[in-house]
Every structure is written in structure tokens, then in C-alpha cells.
Amino acid sequence: QVQLVESGGGLVQPGGSLRLSCAASGTIFSSNTMGWYRQAPGKRRELVARITPGRLTNYADSVKGRFTISRDNAKNTVYLQMNSLKPEDTAIYYCQTQGLRTGMDYWGKGTQVTVSS
């Protein structure tokens, strides 16, 4: 059973920074592509960033240059460093991966990020 647990969310002022963490268990973490998604009120869940086992990365255009996804395979953890935060970054941020055996999607429960003065 794959389990993903996000942490690090909170309230931050515009221009500030947060670092989200996602701890994974129940999978061969180093073989998983990991993603961060977010969902703001009234909007669809969207991909924010993704990192492959080979550490290739993809970012939504809206966060390029501001967010950095990384992974520490020894800790089974993926991170999302968020800098220069904007109010429109306010959302629940979810960690995501796919099961290696079936390709089934797995999601964390999310962590709230609020960017406000």
C-alpha cells in the first residue's frame, strides 16, 4: 500500500517562501515519478511540478522560475521549494505518484498553502 503524507504548508506573505515535503512509504521510492498538484477553491486540480527517477523535472508555466521540485531517495521524500509566492498560489497542495505494479494513482491528503498579507 502506497502512502503519501504532505507537510510544510501554512500562511505566508506575498513574496515569501515555503518548503513542502512529501514522505512516501509502501513503494520503491527511487523508481517512482513524483508529482505535486494543487487545487484552489472553485478550480480544477492542476499539475504544479513533476520529477522522474532520473531527476528530470517539469513545471507548470505559472510556477517556472519560482518553484523547485527535488527528491531525497534516502529519505523517501520529495520536496517542493516555493519562492516568490503569490496570492494565486493559494491552494491545497497534493503529493502524487503512480503504483509501479498497476499504474494506479496515489494521493496524499494535501497541505494548505495560503499566501496573503
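Reply: Four salt bridges are counted, the rule being a side-chain nitrogen of Lys or Arg within 4 Å of a carboxyl oxygen of Asp or Glu. The model is predicted, so local features need pLDDT of at least 70 and side-chain atom pairs count only at pLDDT 80 or more, while totals for chains, interfaces and linings use all residues. Residues are numbered from 1 along each chain as its sequence is written, and side-chain values use heavy atoms, with hydrogens and water left out.

Me: Why is the pair Glu46 and Arg38 called a salt bridge?

Reply: The N to O distance between the side chains of Glu46 and Arg38 is 2.8 Å, and the limit is 4 Å, so the pair qualifies.

Me: What makes Glu46 partly exposed and Arg38 buried?

Reply: Buried means under 20% relative accessible area, exposed means over 50%, and partly exposed lies in between (1.4 Å probe, protein chains only). Glu46 has 33% relative accessibility and is therefore partly exposed. Arg38 has 6% and therefore counts as buried.

Me: Which parts of the chain does the pair Asp89 and Arg38 tie together?

Reply: A salt bridge joins the side chains of Asp89 and Arg38 at 2.9 Å, N to O. Asp89 lies in the loop between strand E8 (77-82) and strand E9 (91-98), and Arg38 lies in strand E4 (residues 34-39), so the pair links parts that are 51 residues apart in sequence. Strands (E, at least two residues) are DSSP runs numbered from the N terminus. Asp89 and Arg38 are both buried. Salt bridges with shared partners join Arg38, Glu46, Arg66 and Asp89 into one network.

Me: What makes E1 and E7 edge strands?

Reply: An open sheet has the order E1-E3-E8-E7, with antiparallel pairing. Strand E1 (3-7) and strand E7 (67-72) each have a single partner strand, so one side of each is left without a neighbour in the sheet. The twist from one strand to the next averages 15 degrees, where axes are lines fitted to C-alpha atoms and angles run from 0 to 180 degrees between N-to-C directions.

Me: Which residues touch the most other members of the largest nonpolar core?

Reply: They are Trp36, Val78, Leu80, Met82 and Tyr93, in a core of 27 residues. Such a core is a set of buried Ala, Val, Leu, Ile, Met, Phe, Trp, Tyr and Cys residues joined through side-chain atoms within 4.5 Å. E3 gives the most to this core, with four residues.

Me: What makes the Thr27 and Asn32 pair a polar contact?

Reply: The side chains of Thr27 and Asn32 make this contact at 2.6 Å. A polar contact is a pair of N or O atoms within 3.5 Å; within protein, one must be able to donate a hydrogen and the other to accept it, and residues adjacent in sequence count only if both atoms are side-chain atoms. The distance is therefore within the limit. Thr27 is placed in the loop between E3 and E4.

Technical notes: Two strands pair if DSSP finds at least two bridges between them.
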